[in-house]
Amino acid sequence: MASSSSSSTLSFFLFALFITLSHAQNSFRPKALVLPVVKDSATNQYVTSINQRTPLVPVKLVVDIGGRYLWVDCDDGYVSSTYRPARCRSAQCSLANSNGCGDCFSAPRPGCNNNTCGVSPENTVTRTSTGGELADDVVSLQSTDGSNPGQVVTVPQFLFSCAPTFLLQGLASGVKGMAGLGRTRIGLPSQFASAFSLPRRKFAICLSSSTSSNGAIFFGDGPYVFLPGIDVSNSLIYTPLIINPVSTAGSYVQGEPSYEYFIRVKSIKVNGNSVPLNSSLLSIDSNGIGGTKISSVNPYTILESSIYKAVTDAFIRETNLTRVASVAPFGVCFSSKNVGSTRVGPAVSSIDLVLQNESVYWRIFGANSVVSVNNQVMCLAFLDGGSNPRTSIVVGGYQLENNLLQFDLATSRLGFTSSLLFRQTTCANFNFTSNAS
């Protein structure tokens, strides 16, 4: 729910106090935290694993950069001695912006208790929402100094939502829920920052293009060091994060702004040349329509139809490759015969998302702009989103791979590196092999 600056400050202070009192830590205070994330080959979803419950069990979760919070299936085998439902009108319910309170007419179990507040967990892959119980339980993960994983740390009362098993439909095999990194008071970044007094409510994500090697999600500030000893935080370029005043969720409270992450794209260039666009589509209107958001649940970047046509026409003209028949879901494909190779992928024209001014742009090279569908064919990894989408540009997972993105919730800005391949490293090069102490 939208609020003034002073009430937001008070809310966060109360949240930090709540976490500090209820999440007592030992004397070790981590500088940052790290989770592994891997690309699922069957779905192109990005999957992490976090330890939850008592006794602790690893729980696989689809990563949703713009997701509201952590939700998990509590119907199928959720067993924990430390599970606690959030009682109606409690501080936890307020933090979750819950406005529902109800009973469950069966034997008490995780996800079904009387006098508890409800929330609306959403599967953002299938765009399905349902009702779920708000609760807290133990969560543990590894700390990091930015170069190596370190001591395992624990949050005794991490807030999340239970959900019914059917909400898992469409998610990767073995997954038990979704990890929401969105701009909410109970999203993973805010809860971890408060539990461990991490600086400035920052998190960073580095998705690997490999389906066998882990990328990384960091909670806290850099350094972010990837083998062979490259601190990629030195390469960050910054642009403001903007707030869509209208929620983009499947279920929301009237007046609630979106908790997804939007940036302001002012123009697009292909091979350095501006693409003619209807610039009004690049702004967010008073109804929350338009603009550009960052998504890890969409496998490829989605463009409003007129933007898609303009960009693909320019790419075809500038790249001058032999067109071949389309291969679903892609609309524009080429023969990959005689296409050269560079450090940053196939030798094709670059695509620039121009941001707050002409000198600040997110350059998309061949490794992130075209995808090989077989030995003879590669396709432009952008999809036509139709003529009236909710959001004009959705930057998808393929375009994020081997780019480190740092989200600073305190200052509302995004840091991005463009392709790490230029730095002769990748998102799969974080050293996860050190033993935790």
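Predicted model: local features only at pLDDT ≥ 70, side-chain atom pairs only at ≥ 80, totals over all residues.

**First stop: the cavities**

Rolling a probe the size of a water molecule over the atoms shows where empty space is left. In this model, two cavities of 30 Å³ or more are counted.

The space inside the largest cavity amounts to about 100 Å³. What classes of residue make up the lining of the largest cavity? Five are nonpolar, four are polar and three are charged.

Next, select Ile268, Leu303, Val311, Ile351, Leu353, Phe382 and Ile393, which line the second largest cavity. The volume of the second largest cavity is about 40 Å³. Its lining has seven nonpolar residues, with no polar and no charged ones.

**Second stop: the end of helix 4**

Select Thr319, which belongs to helix 4 (residues 305-319). Is Thr319 buried or exposed? Its relative accessibility is 12%, so Thr319 counts as buried; the cut-off for buried is under 20%. Now display the surroundings of Thr319: leaving aside residues up to four places away in sequence, Thr319 touches Val348 and Ser349. With Ser349 there is also a polar contact between the two side chains, at 3.3 Å.

Move on to Asn320, in the loop between helix 4 and strand 23. Asn320 is exposed, because its relative accessible area is 67% and exposed means over 50%. Although Asn320 is not a glycine, its phi is positive, at about 55°.

Select Asn44, in the loop that runs between strand 1 (32-39) and strand 2 (46-52). Asn44 is not a glycine, yet it has a positive phi of about 65°. With a relative accessibility of 24%, Asn44 counts as partly exposed.

**Last stop: cis peptide bonds**

Select Leu227 and Pro228, which are joined by a cis peptide bond with omega of about 5°. Pro228 is located in the loop between strand 15 (225-226) and strand 16 (230-231).

Then select Ala328 and Pro329: a cis peptide bond joins this pair, and omega is about 5°. Where does Pro329 lie? It is in the loop between strand 23 (323-324) and strand 24 (333-335).

Notes. Residues numbered from 1 in each chain as written. Heavy atoms only, no water. 1 Å grid on protein atoms, 1.4 Å probe; cavity = no way out; pocket = protein on both sides within 12 Å on 5 of 7 lines; lining within 4 Å. Points joined across faces, edges and corners; volume = space filled by probe spheres on them. Nonpolar A, V, L, I, M, F, W, Y, C, P; charged D, E, K, R; others polar. Helix = DSSP H or I, 4+ residues; strand = E, 2+ residues; numbered from the N terminus. Buried < 20%, exposed > 50% of the residue type's maximum accessible area, 1.4 Å probe, protein only. Polar contact = N/O pair within 3.5 Å; in protein donor to acceptor, adjacent residues only side chain to side chain. Contact = heavy atoms within 4.5 Å.
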